[in-house]
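Open the model in your viewer and keep the selection tool at hand.

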Amino acid sequence: MLKIGEFSKLSYLTVKALRFYEKEKLLVPALIDEWTGYRFYETSQLVAAAKIKAYRQLGLSIDEIKAICSGTDVRKILSEKAKALSAQREEIDVRLSIINHILEDDKMKYQITEKIIPAAIVYYSETILENYQDIMQWIPSLGEELKRLNPHMKCAEPAYEFCEYPDNTRIKIFRSDTMKRLRPEE
């Protein structure tokens, strides 16, 4: 039988970790002396200690290790952990790619495209909506307002709209309708 300090040295686990694993009922000492409170471990428990240490190094939680010790399929738990780690790796790869791009070239390169459009009267409106769903009520009402204020004009097809999202809580919408004056024959 090994005292907790000796077992700690052989298992490469701290005394504090051994006491924690005892409290979690993962690695309970083979014997606790009633009078002194000394904890004694058997050498055969070194295998269990090594498994717990290996699982912790893989990032498994105490609950996951308990589940394995209770008979849950190790492959299932490790597969789930592998999926979670793969997702984290993908997120990290994206971030690293952005950081590396910025570090390689601190000046952003934009490709400019110039378009020449015919002269037109443009109707512009701006609003802030609390909910994204409100767009479907606001856009038609804007078209009705446009027709009411300008009965002598007609919207060119197609109408052009764009939205801005300056923060996560509000939506800023711009609508521009290219207008043309109606001639008597139209």
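**Salt bridges**

The count comes to 3 salt bridges, each being a side-chain nitrogen of Lys or Arg within 4 Å of a carboxyl oxygen of Asp or Glu. This is a predicted model, in which local features need pLDDT of at least 70 and side-chain atom pairs count only at pLDDT 80 or more, while totals for chains, interfaces and linings use all residues. Residues are numbered from 1 along each chain as its sequence is written, and side-chain values use heavy atoms, with hydrogens and water left out.

Select R39 and E22: their closest N and O atoms are 2.5 Å apart in a salt bridge. R39 lies in strand β3 (residues 39-41) and E22 in helix α2 (residues 15-23), so the pair ties together parts 17 residues apart in sequence. Helices (H or I, at least four residues) and strands (E, at least two) are DSSP runs, numbered from the N terminus. E22 counts as buried, at 16% relative accessibility (buried is under 20% relative accessible area, exposed over 50%, partly exposed in between; 1.4 Å probe, protein chains only).

Next, select E24 and K66, a salt bridge with the closest N and O atoms 2.8 Å apart. E24 lies in the loop between α2 and β2 (31-32) and K66 in helix α4 (residues 62-69), so this pair ties together parts 42 residues apart in sequence. K66 is partly exposed, at 28% relative accessibility.

Then go to E91 and R95, whose side chains meet in a salt bridge (3.8 Å, N to O). Both are in helix α5, 4 residues apart, or about one helical turn.
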